[in-house]
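Hi,

Here is the structure I promised to pass on. Have a look at it first, and my notes follow below.

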Amino acid sequence: LRNITNPDMGADEFTPVMTDVGMYAFNSPKMPFSPGTNNIIVTIKNHGAETINNVAIDWSVNNAMQTRKNWTGTLISGSTIQVDMGNYNFNPGTSYDIKSWTTSPNGHIDLNNSNDTIHATNLYTALAGTYSTGGTNPNFLNLSAAINALIQGGISGNVIFKIRNGTYDEQLSIPEIKGVSESNTITFESESGDSTVVK
């Protein structure tokens, strides 16, 4: 409540609705993250005046519905809590859009739907390990494709691109890559060991 005699400058006065739970943050996965099974973790917040003891949380990956999470506990007004929604198997080279939303707090209608939904878009898994570039049945057709994968998902371990013999007529620019450090490096090298046959 504001002080009637000496109110704070710029304070917003509002009366919260009784029942209002919404998504507050998308915690995991965050790039860079490895391919395979990863936990999906979100944070919900009680924006309403009443304490929340249960809420349904739905989620989807690339518009495919996943198993609903029926959260129970004690979430007082203004507080947040992380919720583990389950896990999902992420494939390399695929763009993922994860959506999550709350419904039926305390079994009632949520009186404010504007904060119910959160999105994490354009997520890609990170690279780690050795990849072939060029030639027959490579991991990446050319150097541009390899660099694009680095830009999209970053790295989660050392990455080595084995470049097969041939001529690569490309103009390349490598920006800062997520996950690169002294222990997580990126190496481009000739697969045959003879750099003169890679042009």
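**Aromatic pairs and other notes**

Across the whole structure, a search finds eight aromatic pairs, where rings of Phe, Tyr and Trp (its six-membered ring) pair if their centres lie within 6.5 Å, with planes under 30 degrees apart counted as stacked, over 60 as edge-to-face and the rest as tilted. One of them joins Tyr-88 and Phe-90: the ring centres are 5.1 Å apart and the planes are at 65°, so this pair is edge-to-face. Phe-90 also forms an edge-to-face pair with Tyr-96, at 4.8 Å centre to centre and 80° between the planes.

This is a predicted model, in which local features need pLDDT of at least 70 and side-chain atom pairs count only at pLDDT 80 or more, while totals for chains, interfaces and linings use all residues. Residues are numbered from 1 along each chain as its sequence is written, and side-chain values use heavy atoms, leaving out hydrogens and water.

Ring pairs link Phe-33, Tyr-88, Phe-90 and Tyr-96 into a cluster. Phe-90 is buried at 1% relative accessibility (buried means under 20% relative accessible area, exposed over 50%, partly exposed in between; 1.4 Å probe, protein chains only). Tyr-96 is buried at 3%, whereas Tyr-88 is partly exposed at 21%.

Elsewhere, Thr-133 is buried, with 0% relative accessibility. Beyond its neighbours within four places in sequence, Thr-133 has contacts (heavy atoms within 4.5 Å) that include Phe-140, Phe-161 and Tyr-168. Ser-173, by contrast, is exposed, with a relative accessible area of 62%, and its C-alpha atom is 8.3 Å from that of Ile-147.

Best wishes
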